[in-house]
Every structure is written in structure tokens, then in C-alpha cells.
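Morning, everyone. Please have the model open on your screens while I talk.

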Amino acid sequence: MKVLVTGGAGYIGSTICSALLDQGHTPIVLDSLIRGRQEFVQDRIFYQGDIADQDLIKRIFKDHPDIYATIHCAALILVPESTANPLGYYRANVQKSLDLFDALMQVGCDRVIFSSTASLYDVVEGFSVDEASPLKPSSPYSRTKLCMELALEDFTRAYDFRAITLRYFNPIGADPKLRSGQQLERVSHALDKIIEAHTLRQNFYITGTEWPTRDGSGIRDYIHVWDLAKAHIKAVLEFDRVFSEYTTEKYRVYNLGTGNGTTVFELVQAFENVIGHPIKKELAPPRPGDVAGAYANPARANTELGWYPESSLETAIELGLKWFEKRKAFLGLTF
Ligand SMILES: NC(=O)c1ccc[n+]([C@@H]2O[C@H](COP(=O)([O-])OP(=O)(O)OC[C@H]3O[C@@H](n4cnc5c(N)ncnc54)[C@H](O)[C@@H]3O)[C@@H](O)[C@H]2O)c1
């Protein structure tokens, strides 16, 4: 089965492409390389270009009329950058995605899987959220994602178009064969920061220790990127069944998380268990915009997509560590 993957030279998109290949499918990658890496698309069918280039989308579908579905991962994803430059983020994530969806409708691709984010959710008592939980996107970045969720829902009501939105929680780790992994130079996620601090023998700052969680630190749902990738394949394979069996709408949202909340202190402990010794750490106040957090209720994805995460937190940490070791030489990064 051929699947168009936008953003397929980035962290999550490239991992999805590896999982597709391993299961005998053919990813067709579209990526501008604004953040992605050429190294991740070697030996893959690759179109370098912008998702807003409608002529290019038409050419891709002319070259591959048998593309079954599109997985739309391409986006800019850095929260501080989005706060400093919201116009750029709305242009990149909203305007360009609208052009992409328009082109997909023109070529008759009516199966779209959209990468969204759990940072849309408001903080709720108990921290566990399902797809109907209240939303309160906290940054221009997450608001661009909400815009696209709403647009997709409207399009599916008006046009011959169906879409699945996947709300990812906190992706960590790397492809088990280490073909790709986190490629951004300035890492911002907790585990990446822990690995950075450990590698550079610096302090890891536990930012925010007075949240109303079991130990005061922020709570998240760390999902191995390989499990996330496999969820996309399930979403492609189960796409038609979702809309014949589970909903009368043509739009469906799924949470992709483990269902287990992990606090930052617990993440640090798991990391120390993996490496076998304590890391240097320091307590610090929360950063602007930080929230106590959330973790997934993934029951809908379990039942309807037949998807269950398989990796332990420790396995994801081990692969994350191995990837950060490899990426220095592979991508020529300093860390
Ligand atoms: N990483 C996370 O923590 C996380 C969490 C939730 C959701 N997501 C979503 O998952 C998706 C992938 O995230 P990622 O972590 O792999 O990010 P990434 O930056 O590694 O990958 C995004 C890719 O999209 C490409 N791209 C961006 N704009 C483009 C355009 N206009 N045309 C063509 N290519 C373009 C970039 O070059 C890059 O390769 C994003 O949509 C993001 O919002 C990520």
C-alpha cells in the first residue's frame, strides 16, 4: 500500500515511514527539509517541496495514482518560536495545510490522517483526558493545530472527504533500527533535555515542583515514537472500518498515549535506572506557560484501531539514548 507522508523527513514522519516499510508498505515522502533531514529519506521515494505547492501534490498523485491515504505530519512545532512569531506559525501550519487539503480533495484523496497534539487539552482533575475532555490550547503552536482540527471537521461535513486526527501525547525514543530519531538541534522535551544534561554532564532542571500531582512535578504521558508510528499504520488500515462501524460522521479523533501518567521525578528515576547511576539535577520554578499536565485515556484507539502501545518507558529511554549517541556522527551535530 502506498501512503503519502508529509513531513516524512522529520522525527515522527520518518519513523512512520520506517514502520510502513517494515510492514511491507511504500511511503512516499513530501518534505521541504526546513527542519527535516536528507539522511532520513535516503533510499525512500522523496519529493522535496512544500505542502502548499498544489502543482507538486498533483504531480505526486500523477506519479503514484495508487496512493491510498495521506498522513499529514508536516508542521513547525516549537512552542517558544510560535509565541515569538505567531504569524509565521499560522502561515506554516494553517494556511499551508489548507492548501494541502484543497489539493488532496482535487486529486481525490479522501483518507487523511492528521498529526495533532495533546497540548490542546485543558488540565483536568485526575489529569486523565479522553477525546471529549475540554480543550484549552496554551500556545500559538497548539492553536494552529486546533484550527486545523476544526477545519478538517468542517471539510468532512461539506465535501467528499474523510479524516482521522491523532492527538499525540509526549513522543520519546527512536526507531529500534536507529534509522532516524529526534533531529532538531535545540531539544525542548523533558527526556531529550535529560539526555542532553547527562551527555554534557550538566544539571537537569526539574522545572515546576509545586503542581498538584503526586510528587509536585509535572505529569505527562511518554509514548514511544515507534508505538506512535505503528498507530498510524493501524489508522490507515482501519480507516474505512472506523467510518463504517464506529461513527456516522466522516471525522474521528483519537488519543495516542500509554494511559500512564509519569511525573518528571519518575522520568528522571527511570532514566537513572537505565544508566545505572544518578544524574546531576536541580529544582527550578516553572517556565512561562508550563502546566501541570495530562495523560491519555487511549481506550478509543485501543478498541477502534486495535492499537496498544507495547514499549516500556525504559525501552524508549534506552533507544533515545542510543539515538543521541548515533546522531552526533550521523547528522554532524555537536550533541
Ligand atoms: N514532537 C512532538 O512532541 C509532537 C507532539 C505532538 C504532535 N506533534 C506533531 O507531529 C508532527 C511531526 O512532528 P515532529 O516532531 O516529527 O517534527 P519535525 O520538525 O521533526 O518534523 C516536521 C517535518 O515537517 C517538515 N515541514 C514543515 N513545514 C513543511 C512544509 N510547509 N512543507 C513540507 N515540509 C514541511 C519539516 O522539514 C520536518 O521534516 C507535527 O505535525 C507536530 O505538530 C509532535
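This is a predicted model: local features need pLDDT of at least 70, side-chain atom pairs count only at pLDDT 80 or more; totals for chains, interfaces and linings use all residues.

Residues are numbered from 1 along each chain as its sequence is written, and side-chain values use heavy atoms, with hydrogens and water left out.

Cysteines. A disulfide here is a pair of cysteine sulfur atoms within 2.5 Å. By that rule, the count is zero. Take C17: the nearest cysteine sulfur belongs to C73, and that is 7.9 Å away. C17 is buried, at 0% relative accessibility. On that scale, buried means under 20% relative accessible area, exposed over 50%, and partly exposed in between, with a 1.4 Å probe and protein chains only. What about C147, how far is its sulfur from the closest cysteine sulfur? It is 19 Å from the one in C73, too far for a bond. C147 is partly exposed, at 31%.

Next, the second largest pocket. A pocket is found on a 1 Å grid over the protein atoms alone: an open set of points with protein on both sides within 12 Å along at least five of seven lines. Lining residues have an atom within 4 Å of a point. This pocket holds about 200 Å³ of space. Its lining has 14 residues, and E153, R167, Y251, R252 and V253 lie nearest the centre. Which element gives the most to that lining? α5 does, with five residues. α5 spans 140–158, and β12, at 251–256, also supplies at least two. Helices (H or I, at least four residues) and strands (E, at least two) are DSSP runs, numbered from the N terminus. By class, the lining has eight charged residues, five nonpolar and one polar.

Now S128. S128 sits in strand β6, residues 128–129. S128 is partly exposed, at 32%. Leaving out residues up to four places away in sequence, S128 touches Y295, A296 and N297. Contact means heavy atoms within 4.5 Å.

Last, backbone angles. Most residues other than glycine have a negative phi. D43 is not a glycine, yet its phi is positive, about 65 degrees. D43 lies in the loop between β2 and β3, and is exposed at 83%. R201 also has a positive phi, about 55 degrees. R201 lies in the loop between α6 and β9. R201 is exposed too, at 65%.

Technical notes
On a 1 Å grid over the protein atoms alone, a cavity is a set of points where a 1.4 Å probe fits but cannot get out, and a pocket is an open set with protein on both sides within 12 Å along at least five of seven lines; lining residues have an atom within 4 Å of a point. Grid points are joined across faces, edges and corners, and a volume is the space filled by probe spheres set on the points. Ala, Val, Leu, Ile, Met, Phe, Trp, Tyr, Cys and Pro count as nonpolar, Asp, Glu, Lys and Arg as charged, and the others, Gly among them, as polar.
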